[in-house]
Amino acid sequence: MGYVFPPQNTVTLPVAGSEDRLPVRRILCVGRNYAAHAREMGKDPDRDLPFFFSKPTDAVVMDNETVAYPAETANFHYEAELVVAIGKEGRDISMESSLEHVWGYAVGNDLTRRDLQLAAREQGRPWDMGKAFDRSAPVGPIHPVSTVGHLSTGEIKLTVNGEVKQQADLSELIWSVPEIISILSSFIELKPGDLIMTGTPAGVGAMVPGDVCVVSIDGLGQITTIIGAAE
């Protein structure tokens, strides 16, 4: 048996403090998981249950890379996020055992074509073209739980050209990491290499070519993304 064309290379992320790399299986994202961000998007955080969307694996962008301003948008947004890397498969995982399935954590940035996302939302259509486009998922090195422990508090911050745009604490997540894993695993089986982007704080906004976007999380360092010229 042969392939009709060469298969794509496996997408991997560096592991902090190691020569090893973590293979990425898929990217799962939680929508509106900080109360203030839910409100700025016109939703009620006290009533909305968590919902999920996804990005393709090859949307991953490494630290310090340039992302071209994407096509078909005039409102290109940043979203600082804590990323959870799954290391143990499971289905219908209890909240009490959820953290046993976490291999590590990373800093992420859920890049968004906001105008396309909002247009799709208003029409009751999928968000794919607003969220799941090429090079829309900058993610930093994965920090093993064995090194950093489990993160439930700590500052998450995003700056553009040195100006603070988002600043919150991980404790402000509406749905905690254990809850997210438990709820998500009731819909699908989680497997090693799955990344979960856990939601963004308030303060989302637009970027333009030439901007330098930096996301930092206490204990995980920071990642930098440069916005390049339009595609």
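An open sheet of 6 strands runs through this predicted model in the order 4-3-15-8-9-12, with mixed pairing. Strands here are DSSP runs of E with at least two residues, helices are runs of H or I with at least four, and both are numbered from the N terminus. Two strands count as paired if DSSP finds at least two bridges between them. Strands of a sheet pair through backbone hydrogen bonds, either parallel or antiparallel. At the edges sit strand 4 (52–55) and strand 12 (143–144), each pairing on one side only. As for ground rules, this is a predicted model, where local features need pLDDT of at least 70 and side-chain atom pairs count only at pLDDT 80 or more, while totals for chains, interfaces and linings use all residues. Residues are numbered from 1 along each chain as its sequence is written, and side-chain values use heavy atoms, with hydrogens and water left out.

Now for the pairings inside this sheet. Strand 8 (residues 80–86) and strand 15 (residues 194–197) are antiparallel and share 3 bridges, with A85 opposite L195 in strand 15. Strand 8 also runs antiparallel to strand 9, this time over 7 bridges, and here V83 faces A106 in strand 9. Strand 9 in turn is joined to strand 12 by 2 bridges, again antiparallel; Y105 has H143 of strand 12 as its bridge partner. Strand 9 is mostly covered, with 7 of its 8 residues buried; buried means under 20% relative accessible area, exposed means over 50%, and partly exposed is in between (1.4 Å probe, protein chains only).

Helix 5 (residues 177–185) packs on this sheet and touches strand 3 (26–30), strand 4, strand 8, strand 9 (102–109) and strand 15; contact means heavy atoms within 4.5 Å. The direction of helix 5 makes about 60 degrees with that of strand 8, where axes are lines fitted to C-alpha atoms (for helices, over the stretch in contact) and angles run from 0 to 180 degrees between N-to-C directions. L184 lies in helix 5 and counts as buried because its relative accessibility is 3%. Leaving aside neighbours within four places in sequence, L184 is in contact with L28, F52, L190 and I196. Its C-alpha atom is 27 Å from that of Q8, 176 residues away along the chain.

A further open sheet has 5 strands in the order 6-18-17-13-14, and its pairing is mixed too. Strand 6 and strand 14 (163–169) are the edges here, each pairing on one side only. On average, neighbouring strands of this sheet are turned by 20 degrees against each other, direction ignored. Strand 6 runs parallel to strand 18 (residues 221–230), and 5 bridges join them; E65 has T225 of strand 18 as its bridge partner.

What about the cores? A nonpolar core is a set of buried Ala, Val, Leu, Ile, Met, Phe, Trp, Tyr and Cys residues joined through side-chain atoms within 4.5 Å. The largest one has 40 residues, and those with the most contacts inside it are F76, L82, V84, Y105, I181, I196 and I217. A second, separate core of 20 residues includes L13, I27, A120 and L195. Back in the largest core, which counts I217 among those with the most contacts, I217 touches E81, L82, A106, V107, L151, E155, I156 and L170, not counting residues up to four places away in sequence.

The aromatic side chains come next. Rings of Phe, Tyr and Trp (its six-membered ring) pair if their centres lie within 6.5 Å; planes under 30 degrees apart are called stacked, over 60 edge-to-face and the rest tilted. The count by this rule is 5 aromatic pairs, and ring pairs link F51, F53 and W127 into a cluster. K55 lies over the face of F133, at 5.7 Å from the ring centre; the rule asks for NZ of Lys or CZ of Arg within 6 Å of that centre and within 35 degrees of the ring normal.

F133 turns up again in the contacts of R113, which also touches P70, A71, E72, T73, N75, M129 and G130, not counting residues up to four places away in sequence. R113 is found in strand 10 (residues 112–113) and, at 9% relative accessibility, counts as buried.

Most residues other than glycine have a negative phi. R32 has a positive phi of about 45 degrees, and N64 has one of about 65 degrees. R32 lies in the loop between strand 3 and helix 1 (35–40), and is buried because its relative accessibility is 18%. N64 lies in the loop between strand 5 (60–61) and strand 6 (65–69), and is exposed, at 52%.
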